[in-house]
Amino acid sequence: MWCRVRHVFPVLHVVVMVVGVMAGGKMKLPAEAAESGRPTGVLQRNRQFLDFFWDLAKPEQETRLAAVEQLIRYLEHSDQADELEYTLKRLLEGLAHTREAARPGFSLALGQLLNKFEDIALQTILDRIKEKHDVKKVKKKLVRNALFGNFFGVLALHQSSRLSKEPQVVLECIKLLQSLSQHREHLRDLPSKTIMDILTEIPEEVFEEVLLGALQTDLASAFSTPEQLQLLLVALQRFPHTLKPKKLKSLLGSSTIINTANIPKLTEVLKMAAGSVKKECILPAVALDLLKLSLKEDSFQLFWTKAITQGMLREQPGPTHYLSFRLLGSALPLLSLAQLREVLSGEVMRLYGEHVVSAQTPDRFKLAPEMDAYVSDFLQGCQDPDKQLAVMVGFSSLTNQGYPVVPSVWRVVQHLQPAALHRYVEWLKAMFLQPQLENLLDFSTRKQKDQQEGREQKNESISRLRKWIVARLISVVENHQVKKEEDLVMDVARFVFFHAFFHAKKATPDIPESEGKLSVPLEDKTRVILIGSFFGLLQAMHHMPVLSESAEVAPVSQRHAVGVTADGTMWIYCLVQYAQVLLNQPKYVQSAQPFSPEQRQAWDSMLESVASLMKKAKKRPTAEINAFQQLFLLVGMHLFKAPTELVDVMNDLQNCMEKSQEKKAKKTKKQQAAQEDEPHWVEVMVDLLLSLLSQPSRHIRQVCRTVFSSICPHVTATALTAILDATEEDGSDDEDLDDEAMMKLDKSLAALFSEQKKKTQAKKDEKTRLHKEKVLVREFKIKVLDLVEVFVARQAGSPLILGLVEPLLTVIERGMSSDSDQQEQDFLRRAADIFRNQLCRSKVYCRTVGDRQGELHDLLEKLMSRAQRLADSSVCLYYFSASLYVVKVLRGALPAEAKDEQKPDKPAAEDVRFMGNVDVDRVSAVFREALSSFMSRRKSPLTAQMFSDLFTRFPVLCVKLVDTAVQNITAGVREHQQGQACVLVLRALQSREVQQLLADATWAELCEKVVGQLVASLQQAGQAERKVVQDKVVKSLELCQFLVKRIQQQKLPVDLEPLQKVLESLSNVFSFKKTGQLEDRYWAVMKHFGHTRPKSEKVKKPTAEADQPAVTKKKGFLPETKKRKNRKKHKPLEAAAEQAASADKPAGEPGQAKRKMKKTKRKQPGGGEMSSPLSPAKKSRTLPENKAAKKKKKQKKMAEGSK
């Protein structure tokens, strides 16, 4: 509303502002303006100047800052003194604005104004502030605004940067702030903070001569409140020569602040400070200042031990503990190395660990993120490796029964210097080898203490510690942000590999890992963790980019390589060489699971194969050779984990590689050796890949995908069939087994089923086992889809790709029909994406059908027959897409000469008619049968969109099927099918290719048929008002519009008169009363016959209020409803008014008549109404005037009747 006033009535806008809308107070015009009744000179200025004050009160900070800048710039270029005075007046009033966001804006503007115009005396402004916002003179409800006015006024003087030049003004500001600090319920600690800010800017002479006396009371009572103690600390930091120990002794009774006598007082102040910031979750400034003072006075040990450890931490967990933890994090950059080690091994750290463990539930407050930020900032800003190492070791030594409370993937490690990182890794390795629990800051919760059992608990703690250390070491390598060297990566990898699969017998310098002795032997579960962690580390190294330091030396082409060192050697090959060194040193190290002779032979053959591949790669590097190297090396490393399972795989893999190389060498010379009984090498290779995919390793899955991608050109039909067989549904289910089946499952367990409880438990165990097996099978099938996806992407033009159509459709159909969990849905979604998006929609497809034409036609008939029998339309869509894909393959590519002559804007007639190897008549019969099925069945899985795609992609088939669609405009089983027939015919007629295929006479004949069908269809519309009928008519009219327009444009010999007549009769069938799709389409068609749409006249409905004359309200008088009057005397008038209103009311308002009838029904036969439980006086205040009068009259009648 005020925006309209500002733009339409500028003078009124000025008056409104002067009245004080923005400032929250009442601004008074100068005396001469008030006496003359004319606006002052300021009010006659442009609106731009006055808008500055509106913008100062806006809630947006950017708007306020811009307004301050523009206002100061305006006043600098203005020569009007009254504008400056008006500005001061407005800004002073705005300091106590009712809107909180406005006060800082006016205060900042006043401060900048005083900074620019130094001729304005600060003393004058301060006096005007005190006078304007005198707390004793304002009303009680405006006291809060007045307090803020004084505060923001002093803040403006402080922001002017002139306060230090006028000591007397500084003194008065300090006194005013001291008086404001008593109103803590409104201003909280803002006055005290402002006093501290003022102290930081004034010189020491002013403090000593002017302010010291005024602040002496506050300084002497420093141990009373956190604000007063903070004031003393700031003064000590700012004015050390004034507040000498002698002066402190006279103020506080002691020459130092932190001493044994003052510790209890300081502790109480810190507790008060902790409670004051409970909601803000911050560290009070007084606590950090006390810590800095303790370091300056060399009393840190006393302060930390007595005030924090023995003072704050004695309280229950809460704000005092959180203050201590935050103070610990803030103190890290301030402490020396010895102080860091002392603090990080003390009681504060132990209690912080208990907080981290107890705060793991979602509803608990967590301080760990704040501590992570403290440590991260410290490590990022500290350049001393010793201090960095001390902090990392201190937090890593904080353990809960051996397990550190900081996460193993703690990302602060990325800020470590290389020297500190190397020493930290060495500390982790040493702690793994010889866990020194006594050197850890270990704790246990109350529940854990009740369950401790001596030595077993110690072994469990060591196991937990080693588990964390392994994860910590691997996370250092996996984090790409950590500044590390290749030697460090290899050192960690060797350490983990050695202790996962070997143990030292005798130390040797050739194997540094053998020199570290385990003080406690590794448990089996720890070794299992090491094995799993190693292969996770191997995968991370496989994806590791070239390290930054070595990348500067490496060529540009190799900087984006992954999984290799700076010289191009694969990380996994480096580890294989290290494993070979360990295997060749049985005197010094021994394998945890020694190789058998056969397994060692497989290992040696792997090394020979890799060496052979590396020689070939130097001559002519290929992706295939690189993929085989990775596979050999990875299987070789997995020999240490599962040697028995992978020995045969290694041997078969070597044979496959040899045969693949032999085949390449013998491409020109074919030997007549009888090897027909042996499987092709690629078939064996696919079986090996499928076997490897059953391993629970993501690294193996990625390498198998890479290898299969390189051998795709050699894949045979048998190999592809093996892949597809692996995706078929497994026969296991989750049904409960009966007792007999359970007995047959394992005869040795027959004794366990004697009792019902054991039977039930055995059934549950078997059900769990079957469920786990099913999950593993599904995971395996999802991995197999990787191979299918690779083959479709790399060999989309191969004839073998056609063999994927039916198996993938079977997978999709089974998945759609079963109630599946999330894992099965992922498998189904992946299979559907491969089939439709990568197979059917691929631009590359098989273009050489050869002698498989009959087979493909049979496949097409099979697919369409199955599609019509389905119940789910979504599954039918995939079958129909497969049918279109088969037709595309049969058609093949366009002739080369047609491609050369083809124009981008108009396809050649030869291209349109070209169908390649498609038997047009046979294929047309297949789709015609499907179209007839869609039009004649009430529930068909087929949709009109499917046939629309067919018409668009294959115009020749569209010409063959258009007659069937035309017939079903009237022959469709329901109105829905008839409407869809219109849609298909319209799509066919609109096709430019279809028009090229049809001769002029055939085109005219087709148009005549369609016109006849439309006439018959529209005549069948009848009087039905159902939506399905209207939708059908709309689609018919859309077809009519296109057809009539095309016939008239091409001047075809088609009689349109019958169509015109039936269209004209539609106006009697359907009532076109309102605009809509049906009416709009109808008149669009009739426009071609010369009929124009009649204009509808808007008739305004008469209202009862319009018939009654407007009642003018006299000013200065009470309305009639507020006057006291005799309601009994006015009753006939009210009745007459109601009768007149009912007589004038139009008949088209049934709602009001219904309300009238409801009122009538409430009357009793005797003429009276039902009595109300409310008293007459109370009821008369809640009812309108006429109802209250009726109520009073009826109550009077009832009283007379009772007498």
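This is a predicted model: local features need pLDDT of at least 70, side-chain atom pairs count only at pLDDT 80 or more; totals for chains, interfaces and linings use all residues.

**Exercise 1: the core**

Find the neighbours of Phe708, skipping residues up to four places away in sequence.

Solution. Phe708 then touches Val686, Leu689, Val715, Ile723, Leu787, Val790 and Phe791. Next, zoom out: Phe708 is among the residues with the most contacts inside the largest nonpolar core, alongside Phe207, Met685, Phe927 and Leu1059. That core has 347 residues, and helix H42 (residues 873-891) gives the most to it, with 12 residues. A nonpolar core here is a set of buried Ala, Val, Leu, Ile, Met, Phe, Trp, Tyr and Cys residues joined through side-chain atoms within 4.5 Å.

Numbering starts from 1 along each chain as its sequence is written, and side-chain values use heavy atoms, with hydrogens and water left out.

**Exercise 2: Leu122**

Decide whether Leu122 is buried or exposed.

Solution. Buried means under 20% relative accessible area, exposed over 50%, partly exposed in between (1.4 Å probe, protein chains only). Leu122 has 0% relative accessibility, so it counts as buried. Now place Leu122: it sits in helix H8 (residues 122-132), helices being DSSP runs of H or I with at least four residues, numbered from the N terminus. Finally, Arg162 is 40 residues away along the chain, yet its C-alpha atom is 8.2 Å from that of Leu122.

Technical notes:
Helices (H or I, at least four residues) and strands (E, at least two) are DSSP runs, numbered from the N terminus. Contact means heavy atoms within 4.5 Å.
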